[in-house]
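Please open the model in your viewer and keep the selection tool at hand. The stops below each name something to select and then describe what is found there.

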Amino acid sequence: MSEIFTNIPKIQYEGKSSKNPLAFRYYDADRVILGKKMSEHLPFAMAWWHNLCAAGTDMFGRDTADKSFGTEKGTMEHAKAKVDAGFEFMQKLGIKYFCFHDVDIIPEAEDINETNRRLDEITDYILEKMQGTDIKCLWGTANMFSNPRFMNGAGSTNSLDVYCFAAAQIKKALELTVKLGGKGYVFWGGREGYETLLNTDVKLEQEHIAALMKMAVTYGRSIGFTGDFYIEPKPKEPMKHQYDFDAATAIGFLRQYGLDKDFKMNIEANHATLAGHTFRHELRISAINGMLGSIDANQGDYLLGWDTDEFPYDVYESTMCMYEVLKAGGLTGGFNFDAKNRRPSNTYEDMFHAYILGMDTFALGLIKAAEMIEDGELDAFVANKYASFNCELGEKIARGECTLEELAARAADMGTCANPGSGRQEYLEGVVNRVMFG
Ligand code: XUL
Ligand code: CO
């Protein structure tokens, strides 16, 4: 196999004074931060779909980038060339993981039996490429949204036939994930949602989605999948309303249907902002519920109301993300760059610039978040803010043993209430800026 990205060297760490666009300025894989190597804090993953498949097509125009990798698109030769390109790409960047949908790695056939045969062939090839490298699969998933059969949803479809095809795709994608040693299996909502309640039985659709997830857990465990299943919340797009709106909604759903032991969250930054939350909020809600699993690292554009999947460059956001991740004790999954080059950034070099940007943004975020934790001022402030509960009565409340009468009696004794103390938001924002910028 000949080199594909011929003008790109192996990307090295050169430090923050470097002006070399093909070098890392902050991501120094072996640098130890809070007792762990950067590469362990930041298990980066390449998203097969954006990096190797998406070529810039949008609603108004066709491909701008050439991702044929010297072959005819839509052939198995092309599928293999994408594997070659992907492995060369990951090796040049020192990326240790990849994520994939079933139909990212092969051209889907008319007949699912032929699709599955192609999937077997390509995963044999991927396995071969993995040997002798330290590249692993972070997670796999089934694309249950692109094919027209899924226009009314997959688990939420009105058609039993379509439901069977969704089940078949999940079954196969789970088998492939196990074959490639994947750590996780993702359910992104796809078209699980609705355009109008006028034609939708929400209760039935949600029960069917849960039933499919239960079958996936049972089958996955039976074939040796020991990793986490993930829900990737998103509030809208492609459907007007998506059922996995945000982390809180998805966690409630999992608990309602008894799926919470097998599932965690895969939090995507741009999905969080579409839900009207910060990325950080979604991470915190997942973490406090013991369900912070993995991250789709990207960012949106606050001026645009859709999923722009940009490469993350906002260091303030990545710092807040890494603060949450460090506080939660790390991820069981990793940082998948579910991000794509802007349409006019259409060269091979741009693909590398994008990943270097994303990796450096998270590396710098990690450095700054660790400094914030070591600095301790934020933690100390929060601990002190709730200190009035550090007493017998507070403990009784925490144990659920207190009554309204008891608390009301104390209020009556006091007569008037003391001021709860300033929240000091601006002061704390200043602390963050001090740590960030010195
Ligand atoms: C779509 C999205 C997906 C999932 C995997 O918004 O984020 O690419 O990450 O299906
Ligand atoms: Co995603």
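Is Arg118 buried or exposed? Select Arg118, which is found in helix α4; helices (H or I, at least four residues) and strands (E, at least two) are DSSP runs, numbered from the N terminus. Arg118 counts as buried because its relative accessibility is 18%, given that buried means under 20% relative accessible area, exposed over 50%, and partly exposed in between, with a 1.4 Å probe and protein chains only. The side chain of Arg118 reaches the backbone oxygen of Pro107 at 2.8 Å. Such a polar contact is a pair of N or O atoms within 3.5 Å; within protein, one must be able to donate a hydrogen and the other to accept it, and residues adjacent in sequence count only if both atoms are side-chain atoms.

Before going on, note that this is a predicted model, in which local features need pLDDT of at least 70 and side-chain atom pairs count only at pLDDT 80 or more, while totals for chains, interfaces and linings use all residues. Residues are numbered from 1 along each chain as its sequence is written, chains are lettered from A and ligands numbered from 1 in the order in which they are written, and side-chain values use heavy atoms, with hydrogens and water left out.

**The cobalt ion**

Select the cobalt ion (ligand 2) next, together with its protein donors, which are Glu232 (OE), Glu268 (OE), Asp296 (OD) and Asp338 (OD), lying 1.9 to 2.1 Å from the ion. Donors are N, O and S atoms within 2.8 Å of the metal (3.2 Å for Na, K and Ca), and water is not among the atoms, so sites may look incomplete. Why is the arrangement around the cobalt ion octahedral? The six donor atoms subtend angles of 77 to 172°, and therefore the arrangement is octahedral. By the rule used, four donors count as tetrahedral if all angles lie between 85 and 135 degrees; four count as square planar and six as octahedral if opposite donors are over 155 degrees apart and all others between 65 and 115; anything else is irregular.

Along the sequence, the donor residues of the cobalt ion are spaced E-x35-E-x27-D-x41-D. One pair links distant parts of the chain, with Glu232 in strand β10 (residues 228–232) and Asp296 in strand β13 (residues 292–296), 64 residues apart. Both Glu232 and Asp296 are buried.

**Ligand 1**

Now select ligand 1 and show the residues around it, which are Trp49, His101, Trp139, Trp188, Glu232, Lys234, Glu268, His271, Asp296, Asp307 and Asp338; a residue is near a molecule if one of its heavy atoms lies within 4 Å of it. This shell divides into three nonpolar, two polar and six charged residues, where Ala, Val, Leu, Ile, Met, Phe, Trp, Tyr, Cys and Pro count as nonpolar, Asp, Glu, Lys and Arg as charged, and the others, Gly among them, as polar.

For Asp338, an N or O atom in the side chain is 2.7 Å from an oxygen atom of ligand 1. The protein covers 93% of the 290 Å² of accessible area that ligand 1 has on its own, with areas from the Shrake-Rupley method and a 1.4 Å probe; for residues, only the protein chains shown count as cover.

**Backbone features**

Most residues other than glycine have a negative phi, and most peptide bonds are trans. With this in mind, select Phe69, whose phi is near 50°, a positive value in a residue other than glycine. Phe69 is found in the loop between α2 (48–53) and α3 (76–93), and it counts as buried at 9% relative accessibility. Asp309, although not a glycine, has a positive phi of about 50°; its place is in the loop between β13 and α10 (315–327), where it counts as buried at 7% relative accessibility. Then select Glu237 and Pro238, which are joined by a cis peptide bond with omega about 15°; Pro238 lies in the loop between β10 and β11 (241–242).

**A last stop**

Finish at Lys171, in helix α5 (residues 160–179), which counts as partly exposed at 40% relative accessibility. Lys171 and Gly220 are 49 residues apart in sequence and 7.9 Å apart in space, C-alpha to C-alpha.
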